[in-house]
Amino acid sequence: MRVISGSARGRKLLTQKGRGIIRPTGDKVKEAIFDVIQFHVPGSRVLDLFAGSGALGIEALSRGAAQAVFVDSARGAIAVVEHNLTHTGLFEKAVLLHCRYEEALEKMRGTFDFIFVDPPYKAGLYKDVLTRIRGNRLLGPAGMIIVEYDAETEFFDANIIKTKKYGNTFVSFVAGGVLV
């Protein structure tokens, strides 16, 4: 896995090994996501929930995002993200939070332009995560939630503006704001 574009282009990213804990977003899927949002990334504030290796947030930083917040409950994942940020020279623009997503979403202040949501597929967290994001008003008015899931995962949101399929992986782009 590598950084596809920007200041850290071509840098390899470390992933956590073993037990299938982390399922990193593949380069093909990552590239497709950034093809959709690329012109809105520079200067943006990004939240990478369930960060794993930090690949999505790091890609955003490499492409000019002003700040990325990385959240993961696994200590090993946070160590991998820290290593990858240091290796890519992007650590200064990052905030790392080692906690559960519920705690992180309650603590957050300010809004984000992009929120990447890529939890363990079978955990059934999607509805709760989006409800908490909206309830805590964490997404800016023009922001977007980018949700990754597999074919066996049921995901629906009334604000989906686009869904793309890459092999067995789906990515939905969900318009921001609070549902009334």
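Guide: A salt bridge is a side-chain nitrogen of Lys or Arg within 4 Å of a carboxyl oxygen of Asp or Glu. The model discussed here is predicted.

Visitor: By this rule, how many salt bridges does the count come to?

Guide: The count comes to eleven salt bridges. One of them joins R63 to E59, with the closest N and O atoms 2.7 Å apart.

Visitor: Are R63 and E59 buried or exposed, and which residues are linked with them in a network of salt bridges?

Guide: R63 and E59 are both buried. The network that contains them also links R2, D27 and K30.

Visitor: How is a pair of aromatic rings described?

Guide: The description rests on the distance of the centres and the angle of the planes. In this model the count comes to six aromatic pairs. For F50 and Y101, the ring centres are 5.3 Å apart and the planes stand at 45°, so the pair is tilted. F50 belongs to the loop between strand 1 (45-49) and helix 2 (55-62), and Y101 to helix 4 (residues 101-107), so the pair ties together parts 51 residues apart in sequence. Both F50 and Y101 are buried.

Visitor: What arrangement do the rings of Y149 and F170 have?

Guide: The pair is stacked, because the planes meet at 10°, with the centres 5.7 Å apart. Y149 lies in strand 5 and F170 in strand 7 (residues 169-175), so parts 21 residues apart in sequence are tied together.

Visitor: Which residue lies over the face of F112?

Guide: R45 does, at 4.1 Å from the ring centre.

Visitor: How is empty space located?

Guide: A probe the size of a water molecule, rolled over the atoms, shows where such space is left. Here the second largest pocket holds about 160 Å³ of space. Helix 1 (27-37), strand 4 (112-117) and strand 5 (139-150) each give two or more residues to its lining. Strand 5 provides the largest share, five residues. By type, the lining residues are six nonpolar, four polar and one charged; among them are H40, D113 and M144.

Notes:
Residues are numbered from 1 along each chain as its sequence is written. This is a predicted model: local features need pLDDT of at least 70, side-chain atom pairs count only at pLDDT 80 or more; totals for chains, interfaces and linings use all residues. Side-chain values use heavy atoms; hydrogens and water are left out. On a 1 Å grid over the protein atoms alone, a cavity is a set of points where a 1.4 Å probe fits but cannot get out, and a pocket is an open set with protein on both sides within 12 Å along at least five of seven lines; lining residues have an atom within 4 Å of a point. Grid points are joined across faces, edges and corners, and a volume is the space filled by probe spheres set on the points. Helices (H or I, at least four residues) and strands (E, at least two) are DSSP runs, numbered from the N terminus. Ala, Val, Leu, Ile, Met, Phe, Trp, Tyr, Cys and Pro count as nonpolar, Asp, Glu, Lys and Arg as charged, and the others, Gly among them, as polar. Rings of Phe, Tyr and Trp (its six-membered ring) pair if their centres lie within 6.5 Å; planes under 30 degrees apart count as stacked, over 60 as edge-to-face and the rest as tilted. Buried means under 20% relative accessible area, exposed over 50%, partly exposed in between (1.4 Å probe, protein chains only). A charge sits over a ring if NZ of Lys or CZ of Arg is within 6 Å of the ring centre and within 35 degrees of the ring normal.
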